[in-house]
Amino acid sequence: MTPAPVLRLDGVTRRFGRVVALDDLTLEVGTGEVVGLLGHNGAGKTTTVRLLAGLLGPDAGLVRVGGLDPVVDGAAVRQRLGVLPARPIVDDRLTGTQNLAFAAAVFGMAPDVARDRAEELLAAFGLAARADERVGGYSTGLRQRLSLARVLLTEPEVLLLDEPTAALDPVAARQVISTLAVLASRSDRTVVVCTHDLAEAEALCDRVIVLANGRSIAEGSPAELAAAHRPGELHFDVGAAQAGHAAEVLARLVSGAPRVLAGGRVSVTGVGHDEVPQLVRHLVAADVPVHEAVRSRPSLEEVYLALHGAIPSEGERP
Amino acid sequence: MRWSRVLAVVRRDLTVALGSKAIVLPAVIVPLLLLVVLPTAIGLAPRYVDADALGDVEQLLVLLPAEVLGTLPEDPALLGAVVTLTYLLTPLILLVPVMLSTVLAADGIAGEQERGTLEGLLLTPLSDRELATAKLLTAWVPAVVIGLLGAALYAMVTNLTLGRQMGEWLLPTTEFMVLAVWTGPTFGAAALGAVSLVSVRSRTTQDAFQLGGFVVLPVVAMVVGQGAGLLLLSVWALVGAGMVAAGAAVLLLVAATRSLSRPRLGPRLG
């Protein structure tokens, strides 16, 4: 069950001209949850973030952040939010320090508190040595790190991160993910991460919501999604000598064709948790020694691709 | 309205503007050329240039008020310089507030969209009203202050170059004061409103400059008209022109304030 929702969209539709960006979308995010919004470009992730931040209003439906309407109580809502858009939000003509000082001033932070916090973040993100340089001379990765520092400066209750590592090199991306993982571990902080990077989502998120064409097409923890949409293959280790015979036995019991794999293993798909003991009994009764039965867990990427029909579902596989 | 937020944006936008040569150079060079170099050259001309080279100034005198004619010098070269600097070229001081408010508004609004920093600004707790107030003040206040400084420099140069020969300070006249403290700021405000509206709809600063450039045309027409001796604006004409500009400014700034809001800007984010 979702904790008390701090973010809520209820039947939200948002159009841009003839394009329907969100189509009757309903979702809730509880306090302290780390939720991933997954979807192709145009799935509605950025529109969702902008609705939550009050940059857009819904054409229909209800949007609430901490019980407040972001359009009506925008200032109060944005005071609680830390939003990192896909593009760096820092100004090229200001220095790193000036960018953070501006954010602190506009969020109403006390100057001495803001200065200490800025120094801490600049050091944490490896920007201290270049803090007094204009951002125009930074690489894209450095800009994105500074943007993240700016978002974290005000210690927001809710973080909305739109593609936080999209512009980063692998080392910087790993650093940002580690930072986000630490932030996410705080029980009082709610984090929503919009991402294409499914490994990132799997590493960070308690729950993921898969969007397609402005609708939620699946929701749950990565494990729940895997169980519901791509249960994974069941591998029987029966030894090389018996693998062919085992495949014949299993072919009479399961819907899909078993595959004989290297190392004396036979793989079947579409088998539920409760069916496993029965399959083992049949194999043993047919004089097949079952040394091990292991279910492979599909990655979130496999689940995502299956949901979007990019790879055939288990039942459709030849 | 929280003024601390407004001032934070004003400070940041001015720092950003000062970081751009494309803004700083015209903001310094144009006022210097128009309000210092040009009047200095004209003011010094009677000392170094033959009166014949200055052309016939008699045609200019018909435009001047009758009470002024008796105070003018008889030396044709000095007469030409005095009439030109005291009456004909004074509308140049309008160009500075108009041009600067145009440049700063285009950079602060269209430039913000072009640099991709608008979304970051909209994501702060600034209310729409605070945002619009900050953006408009950032452009108008420096434009008016620099416009007044430019007018003061123009008057100083005119007095320094011609005052000794005339035995009195020539500026400010009443017309000059009205131009500097009323017509200039109201024209600047009207230009700001127009360019702000254009800038909200522009993707780049260049687009905003091109479309916003039209607002400078009435001022240019006034400067050219008076400079060419085709018209001479009286105090009341200048007050009236300022009132028309103020009325236009109110309408345009109200519309600009509505445009500088999340419901209008949010859907335009890329």
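Me: What share of the 318 residues in chain A do buried residues make up?

Reply: This is a predicted model: local features need pLDDT of at least 70, side-chain atom pairs count only at pLDDT 80 or more, and totals for chains, interfaces and linings use all residues, while side-chain values use heavy atoms, leaving out hydrogens and water. Residues are numbered from 1 along each chain as its sequence is written; chains are lettered from A and ligands numbered from 1 in the order in which they are written. Buried means under 20% relative accessible area, exposed over 50%, partly exposed in between (1.4 Å probe, protein chains only). Of the 318 residues in chain A, the buried share is 50%.

Me: How many helices and strands does chain A have?

Reply: Helices (H or I, at least four residues) and strands (E, at least two) are DSSP runs, numbered from the N terminus. The C-alpha trace of chain A spans about 75 × 45 × 35 Å along its principal axes. Its secondary structure comes to 11 helices and 13 strands.

Me: Why is helix H1 of chain A largely enclosed by the rest of the structure?

Reply: This helix covers residues 45–52. Among its buried residues are Lys45(A), Arg50(A) and Leu52(A). H1(A) is largely enclosed because the buried residues number 7 of the 8.

Me: Which residue with a positive phi follows H1(A)?

Reply: H1(A) includes the buried Leu51(A) and Leu52(A). After the helix comes a residue with phi near 80°. That residue is Gly54(A).

Me: How many strands does chain B have?

Reply: Read along the sequence, chain B follows the pattern α-α-α-α-α-α-α-α-α-α-α-α-α. That comes to 13 helices. The strand count is 0.

Me: What percentage of the contacts in chain B between residues at least 6 apart in sequence join residues at least 24 apart?

Reply: Contact means heavy atoms within 4.5 Å. The C-alpha atoms of chain B fill a box of roughly 65 × 35 × 30 Å along the principal axes. Buried residues make up 56% of its 270 residues. For contacts joining residues at least 24 apart, the figure is 84%.

Me: What area is buried between chain B and chain A?

Reply: In contact are 30 residues of chain B and 27 residues of chain A. Buried area is the accessible area (1.4 Å probe) that two parts lose on being put together, summed over both. Carbon and sulfur atoms give 60% of it here. The total is about 2,400 Å².

Me: Which residue of chain B forms a salt bridge with Asp91(A)?

Reply: A salt bridge is a side-chain nitrogen of Lys or Arg within 4 Å of a carboxyl oxygen of Asp or Glu. Between chain B and chain A the count is 4. In the bridge of Asp91(A), the closest N and O atoms are 3.9 Å apart. Its partner is Arg12(B).

Me: Is Val37(B) exposed, partly exposed or buried?

Reply: Val37(B) lies in helix H2 (residues 21–48) of chain B. With Leu25(B), Val28(B), Ile29(B), Leu32(B) and Leu33(B), it forms a nonpolar surface patch of about 500 Å² of accessible area together. At a relative accessible area of 46%, Val37(B) is partly exposed.

Terms used: Patches are made of residues with over 30% relative accessible area and no salt bridge: like charges are joined within 9 Å, nonpolar side chains (Val, Leu, Ile, Met, Phe, Trp, Tyr) within 5 Å. Accessible areas come from the Shrake-Rupley method with a 1.4 Å probe; for residues, only the protein chains shown count as cover.
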